[in-house]
Number of protein chains: 2
Amino acid sequence: MEKLGSTRRTIKCGNLRSSHIGDNVTVMGWVQKKRNLGSLVFVDIRDVAGIVQAVFDEDLNKEAFEKASDVKSEYVIAVTGSVRERQSKNDNMPTGDIEIYADEIKILSVSETPPIYVRDNDDASEVMRLKNRFLDLRKPYMQNNLITRAKTTKIIREFMCENEFLDIETPVLNKPTPEGARDYLVPSRVNKGSFYALPQSPQIFKQLLMVSGYDRYYQIVKCFRDEDLRANRQPEFTQLDVEMSFVDIEDVISINERLIQKVFKEVIDVDVTLPIARMSYDEAMNRYGSDKPDLRFGYEFNDLTDVFANSEFNAFKANTVEGNSIKGIVIEKSADEFSKKKISKLEKFAKTYNAKGLAWAKIEDGEFVSPVAKFLSDEEKNGLVEKLNLEEKDIVFIIADKNTVVNNALGALRKKIAEDLDKIDKSKFEFLWITDFPLFEYDEEEDRYVAKHHPFTSPVDEDIDKLESNPSEVRAKAYDIVINGDEIGGGSIRITDRTLQQRMFKALGLSEEEAEAKFGFLLNAFRYGVPPHGGIAYGIDRLVMTLTGSENIRDVIAFPKTQSATCLLSGAPTDVDEAQLHELGLKLDLEE
Amino acid sequence: MEKLGSTRRTIKCGNLRSSHIGDNVTVMGWVQKKRNLGSLVFVDIRDVAGIVQAVFDEDLNKEAFEKASDVKSEYVIAVTGSVRERQSKNDNMPTGDIEIYADEIKILSVSETPPIYVRDNDDASEVMRLKNRFLDLRKPYMQNNLITRAKTTKIIREFMCENEFLDIETPVLNKPTPEGARDYLVPSRVNKGSFYALPQSPQIFKQLLMVSGYDRYYQIVKCFRDEDLRANRQPEFTQLDVEMSFVDIEDVISINERLIQKVFKEVIDVDVTLPIARMSYDEAMNRYGSDKPDLRFGYEFNDLTDVFANSEFNAFKANTVEGNSIKGIVIEKSADEFSKKKISKLEKFAKTYNAKGLAWAKIEDGEFVSPVAKFLSDEEKNGLVEKLNLEEKDIVFIIADKNTVVNNALGALRKKIAEDLDKIDKSKFEFLWITDFPLFEYDEEEDRYVAKHHPFTSPVDEDIDKLESNPSEVRAKAYDIVINGDEIGGGSIRITDRTLQQRMFKALGLSEEEAEAKFGFLLNAFRYGVPPHGGIAYGIDRLVMTLTGSENIRDVIAFPKTQSATCLLSGAPTDVDEAQLHELGLKLDLEE
């Protein structure tokens with residue numbers, strides 16, 4: 001290994017172009033590949049900006065030629081030489097018009113044979129990739145993702161500053177929420193037997209900042225949730241957290257639309273037309289069975305409950321009652337795409353969403369074809385054709401079940417069919433605000449209402465009277481921003497009236513003592529002058545996934561955790577000394 | 001309480017100026033004060049931008065007048081009216097030339113009598129301030145601090161982006177360091193009995209990012225240390241963390257000087273002349289007894305060991321041996337400032353730094369005056385006068401002790417005297433790089449060498465040979481930036497050679513197994529091509545203290561912890577349910 005000494009980089013590999021021809025340059029980077037060709041050695045050198053080819057000529061500098069002959073993949077080298085036009089240009093490389101005719105090389109660091117290849121699509125398993133993250137992160141795909149992520153947060157910050165939002169840090173060591181099963185706890189050594197909790201969101205602190213008169217706040221901040229991790233969840237995730245004073249829904253939505261427009265334009269050069277479309281929660285559920293519909297394709301839901309109101313077919317009849325429904329999606333001119341085998345697979349798929357079955361019908365040679373045709377009256381069949389305007393080669397898939405099952409199963413089916421038929425234009429971005437959420441959601445398990453967003457969300461003014469009498473009808477001043485079927489952000493106007501906040505807690509089944517224990521320090525602040533305020537929070541990981549087209553959250557995070565919340569690189573979490581636990585006033589209690 | 005409805009703010013209170021005279025405006029904010037004056041009510045309204053006066057005239061709008069008559073301090077109101085020239089201008093307020101002649105008022109929120117005044121210097125105790133932080137944060141002083149903090153990080157980010165540093169997030173849930181007594185631990189629920197640790201710094205991850213080819217990294221990031229908290233420490237603190245590849249010391253220092261220059265210019269309009277002065281560690285210790293000397297005032301150390309080499313005075317004689325010394329600082333023309341009582345106080349002060357005593361001597365009426373004069377020979381007295389060039393009314397304070405005690409006690413005394421004599425120009429900023437730190441520090445308690453910075457710091461090239469034979473002489477490629485006697489940042493060029501890194505671990509008394517357990521995943525990465533790299537980390541809290549002239553770290557943090565690591569606002573940390581602990585495989589173990 002040689003020392004850097006007085007050698008200095010004059011330009012990055014990936015930035016060399018024809019305009020540099022004739023320049024004497026020094027580049028530094030990793031050996032991507034090397035080929036010996038008689039009295040020449042070709043070395044591709046990679047740095048953060050890209051790859052450039054250097055040629056070592058035995059006749060120019062024998063010593064450099066010999067050193068270059070010995071380099072291997074992933075050696076770190078410094079190469080000096082003159083830029084010249086390349087004989088066989090490579091159109092696939094931005095630097096493909098030129099090469100460095102090299103007369104000096106320093107080997108700054110050697111490399112053993114790397115356990116995974118440093119190139120995209122190396123077919124290494126994700127376990128291998130995560131174990132060798134320092135190599136995986138050298139891949140162009142991963143570098144592009146992290147560079148796009150840095151660009152995204154930079155542009156967000158620019159926008160927030162231009163609009164007078166103040167970047168204010170909130171604490172990471174917080175008060176645990178009573179029964180906060182999802183809190184990560186942190187034992188205190190100074191206060192033995194006491195615990196902090198890592199924040200699930202800075203919600204209360206950002207509201208306190210509004211109470212304190214900071215007017216507009218933002219923060220890009222790590223949040224934490226100790227829960228079972230789905231594919232695209234991480235125990236620590238990053239939020240863009242925003243709050244503003246003296247505003248109502250329209251003000252928050254309008255400034256966020258400008259933010260979204262700027263981010264998509266400046267990061268990936270996509271134009272977002274404003275205003276962004278809006279849809280009420282009810283409409284989204286009715287048309288797509290989802291409060292985060294993907295609008296890049298059709299296949300809207302059709303309510304068929306009326307059509308089968310008098311059906312003798314048990315599977316339908318049983319679902320014409322309150323709380324149940326019969327809905328279908330029409331795939332036009334595509335009946336031939338669905339073999340019996342294929343449909344049976346779709347039915348299996350629907351059943352994973354708890355659907356009891358999947359009915360279908362198609363028009364073939366002018367005939368109504370369906371396995372359930374024999375159970376249906378002519379009136380029903382005609383009603384169906386008429387309602388859906390079914391034509392030759394159209395096929396309809398029908399699910400009859402509890403509303404939630406219909407929405408989940410048919411919603412998932414809608415997406416699966418679009419994917420199978422390749423009907424999703426991946427270059428398209430469909431933005432949508434969902435508004436008028438219900439304030440409450442009925443939790444069957446706990447047999448009580450819970451907050452659909454969180455307990456600080458303000459009800460819509462004209463629904464406040466129904467808070468006690470008809471909670472399920474109360475709409476919230478809440479809004480989610482959905483992009484291509486992913487919820488990227490969500491927020492609300494907050495309750496700023498202590499009395500209303502107390503009614504809200506009561507509706508959620510919290511006693512005064514519980515409310516005090518959980519949120520006392522916010523309620524107390526509300527005694528001393530609270531401005532109307534509201535805000536939003538975005539999932540930065542998810543936003544960057546959308547911007548980079550990544551389908552795995554771990555591909556947009558430098559050092560992610562696995563689905564079992566471990567870091568394969570460092571080995572975290574690990575066990576610790578008993579003595580260390582004793583200092584915290586703790587001991588292990590692992591017996592079952 | 002009234003609703004915002006369709007009322008919208010048109011301008012911030014603090015932004016109103018003469019140029020707005022004649023405009024119809026709506027402002028929103030908190031009632032700072034209210035005065036009734038016959039048929040007029042004057043209300044000062046405060047928002048994030050400042051304070052403006054509104055006048056309600058009974059003759060203009062009786063209803064508004066009456067409502068305004070009823071408002072109290074800290075009510076949140078919206079006021080609409082026309083801007084007019086003020087009759088009695090107030091030069092102390094930026095808005096003092098105008099007032100709002102108001103014909104509409106909405107009371108958006110009422111307030112009880114606040115427990116602390118919302119104004120600077122309210123004399124509330126810090127406990128009251130922290131308990132009512134949402135009110136304390138309304139004070140202009142606190143708002144200015146947090147706004148300056150937001151501005152500081154904004155400007156830092158601009159600079160980092162301009163210079164192609166990538167903002168990359170590193171994990172918060174990390175692997176615990178074996179015996180890492182200062183780690184905050186986080187028990188894992190998914191992996192019961194295992195623990196994460198909160199990062200003390202992202203050191204290893206940022207080095208991995210260099211190994212991964214990210215070239216230039218930065219992050220403004222929370223770090224954590226579970227230790228006994230001194231006045232200006234917090235359990236969670238914010239770092240600007242920086243790392244660069246293909247660089248040596250000069251590259252890192254030069255780019256950081258430009259960063260410092262930009263921050264001081266753009267945040268507080270202070271010009272920093274480059275290059276910033278440098279001083280070796282040895283020189284700083286010799287001249288100021290400190291590796292973070294405050295250069296805003298003189299009082300340099302004078303080594304008097306030679307002068308007293310043959311002293312018969314025991315207190316001096318005993319300290320002419322290796323490892324001890326006799327040093328003094330001269331306060332010129334100031335002997336009259338030091339009464340016997342004052343000097344006795346200074347001696348007490350020095351003793352808190354373990355000094356055994358404090359000697360002094362002055363020239364008064366041409367005479368050498370000192371309580372220890374009788375123990376000194378004429379040669380010694382003359383030698384002292386000559387060496388220090390003592391003149392009429394000069395006074396010298398002398399400490400003879402172990403080197404570390406002399407440095408600490410005389411260093412502290414130097415600062416105290418400067419403060420007492422008001423010799424520190426608070427408007428002045430003195431910047432200084434300290435370089436050539438020793439690589440190791442001898443830990444008397446543990447009877448072994450420990451890393452002065454951290455174990456990844458590279459030794460100076462020409463000292464590498466002494467790593468085993470003479471570790472105390474090995475200098476590090478490390479540098480600290482000191483401003484007005486505070487260490488604001490520090491960093492180093494890192495070791496990038498596995499063999500050298502292993503020699504370093506060995507010198508620190510780590511076995512191969514221990515090194516592997518602690519740093520294995522970094523050592524492993526070093527097998528596959530490491531670029532030369534180095535970096536720096538700044539304490540953002542401390543930097544903002546310097547920029548705002550705050551002396552309390554809690555004044556630059558929105559929601560700080562006390563010295564016993566509690567949050568007086570939320571009550572964190574708290575105890576948690578046994579069930580919650582059980583889920584984590586833990587139980588309390590609090591018996592002594």
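A residue counts as exposed when its relative accessible area is over 50%, and as buried when that value is under 20%. In this predicted model, A:Asp123 has a relative accessibility of 75%, so it counts as exposed. A:Asp123 sits in the loop that runs between strand 5 (98–109) and helix 2 (126–131) of chain A. Its phi angle is near 65°, a positive value in a residue that is not glycine.

A:Glu164 also has a positive phi, of about 65°, although A:Glu164 is not a glycine. This residue lies in the loop between helix 4 (140–162) and strand 6 (166–167) of chain A.

Chain A contains 16 helices and 23 strands. Of its 592 residues, 58% count as buried. The C-alpha trace spans about 95 × 75 × 55 Å along the principal axes of chain A. Its accessible surface comes to about 25,000 Å², and carbon and sulfur atoms account for 44% of that area.

Chain A is divided into three parts: domain 1 (13–109), domain 2 (143–278 + 432–437 + 476–496 + 531–578) and domain 3 (297–424). The centres of domain 1 and domain 2 of chain A, taken over C-alpha atoms, are separated by 43 Å. Among contacts in chain A between residues at least 6 apart in sequence, 68% join residues at least 24 apart.

How does chain B relate to chain A? A rotation of 180°, with 0.0 Å of shift along its axis, superposes chain B on chain A with an RMSD of 0.1 Å. The two copies are therefore related as by a two-fold rotation axis. The same surface serves both copies, since 99% of the contact residues of chain B recur in chain A.

A cis peptide bond can be found in each chain. In chain A, the bond from A:Ala572 to A:Pro573 is cis, with omega near -5°. In chain B, a cis bond joins B:Ala572 and B:Pro573, with omega about -5°. A:Pro573 lies in the loop between helix 15 (540–548) and helix 16 (578–583) of chain A, and B:Pro573 lies in the loop between helix 15 (540–548) and helix 16 (578–583) of chain B.

A last stop is B:Asn389, in the loop between helix 10 (378–388) and strand 16 (395–402) of chain B. Is B:Asn389 buried or exposed? Its relative accessibility is 54%, so B:Asn389 counts as exposed. Leaving aside neighbours within four places in sequence, B:Asn389 is in contact with B:Leu384 and B:Asp394. The C-alpha atoms of B:Asn389 and B:Glu74 are separated by 62 Å, and the two residues are 315 residues apart along the chain.

Note on methods. Residues numbered from 1 in each chain as written. Chains lettered and ligands numbered in written order. Predicted model: local features only at pLDDT ≥ 70, side-chain atom pairs only at ≥ 80, totals over all residues. Heavy atoms only, no water. Least-squares fit on C-alpha atoms with pLDDT ≥ 70 in both. Contact = heavy atoms within 4.5 Å. Helix = DSSP H or I, 4+ residues; strand = E, 2+ residues; numbered from the N terminus. Buried < 20%, exposed > 50% of the residue type's maximum accessible area, 1.4 Å probe, protein only. Areas by Shrake-Rupley, 256 points an atom, 1.4 Å probe, with all protein chains shown as cover. Domains from an automatic or database assignment.
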